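These are my notebook entries on one protein chain. I looked up a few things and wrote them down in the order I checked them.

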Amino acid sequence: MSKRLASFVVSGDAVKVVVAEVPTDKNDPISVDYDQTWSLQSGPREPALHVLHQRCASFLKEQQIKSVVVKASAAPQSKATLSLLHSAEVRGVVIAAAASVASVQSLAKGVISRKYGDRNVDEYLEDEGFWTSKTTGAALRKGSREAAMLIIAAREL
């Protein structure tokens, strides 16, 4: 038996979304069903965030997704910038929307690097062999690998 998971990675005003069927057997690859980037609509920010909230909640309901993994915020290396704060706003909207219809887990890249496998996340993201063995289904864009990694790691952590 498998279950459908969605993952979200927020960067600026864009959200990478990956949906996959996740087999119970951790040795079986996940099957990617959906890989898209949602952009915040242009115009005033507040209504755009509302539209994103509605889109996210509706999408998860329509896709019958009960589990979501979101890339967690990381502490900035220097002062927080306005773009960093805007990303945090978008991440909060996505988390709130997802939590209205599914269970939500936030995973930090650093946690995955420490607890999953024997390499850091960036090394996995560049390893073509890893992705060939860990994913099937729809083509996964290279830029969406981090979102797919959240799904792969979530089932083992």
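Among contacts in the protein chain between residues at least 6 apart in sequence, what percentage join residues at least 24 apart? I found 61%, with contact meaning heavy atoms within 4.5 Å.

**Ground rules.** I noted that this is a predicted model, where local features need pLDDT of at least 70, side-chain atom pairs count only at pLDDT 80 or more, and totals for chains, interfaces and linings use all residues. Residues are numbered from 1 along each chain as its sequence is written, and side-chain values use heavy atoms, with hydrogens and water left out.

**Whole chain.** I counted six helices and six strands in the protein chain. Helices (H or I, at least four residues) and strands (E, at least two) are DSSP runs, numbered from the N terminus. Reading from that end, I wrote the order as β-β-β-α-β-α-β-α-α-α-β-α.

I then checked the size. The C-alpha atoms fill a box of roughly 45 × 40 × 25 Å along the principal axes. A compact globule of 157 residues would have a radius of gyration near 15 Å, and the chain has 15 Å, which agrees. That radius is taken over C-alpha atoms, and the globule rule is 2.2 Å times the number of residues to the power 0.38.

Of the 157 residues, 41% count as buried. Buried means under 20% relative accessible area, exposed over 50%, and partly exposed in between (1.4 Å probe, protein chains only).

Which residues of H2 are buried? I listed Ser87, Val90, Arg91, Val93, Val94, Ala97 and Ala98. Seen down the axis of H2, they fall within an arc of 160°, so they line one face of the helix. The arc is that of the directions from the helix axis to the C-beta atoms. These buried residues pack against strands E1 (2-11), E2 (14-23), E4 (67-71) and E5 (103-107), and against helix H1 (45-62).

**Salt bridges.** Side chains of opposite charge can pair when their charged atoms come close. I searched the whole structure and found twelve salt bridges, each a side-chain nitrogen of Lys or Arg within 4 Å of a carboxyl oxygen of Asp or Glu.

One of them joins Asp33 and Arg4 at 2.5 Å, N to O. Asp33 lies in strand E3 (residues 30-39) and Arg4 in strand E1, so the pair ties together parts 29 residues apart in sequence.

Arg45 forms a salt bridge with Asp13, the closest N and O atoms being 3.1 Å apart. Arg45 is in helix H1 and Asp13 in the loop between E1 and E2, 32 residues apart. Arg45 also meets Glu89 in a salt bridge at 2.6 Å, N to O. Glu89 is in helix H2, 44 residues from Arg45.

Is Arg45 buried or exposed? At 18% relative accessibility, Arg45 counts as buried. Asp13 is partly exposed at 35%, and Glu89 is partly exposed at 36%.

Last, I noted a network of salt bridges linking Lys71, Lys109, Asp122 and Glu146.
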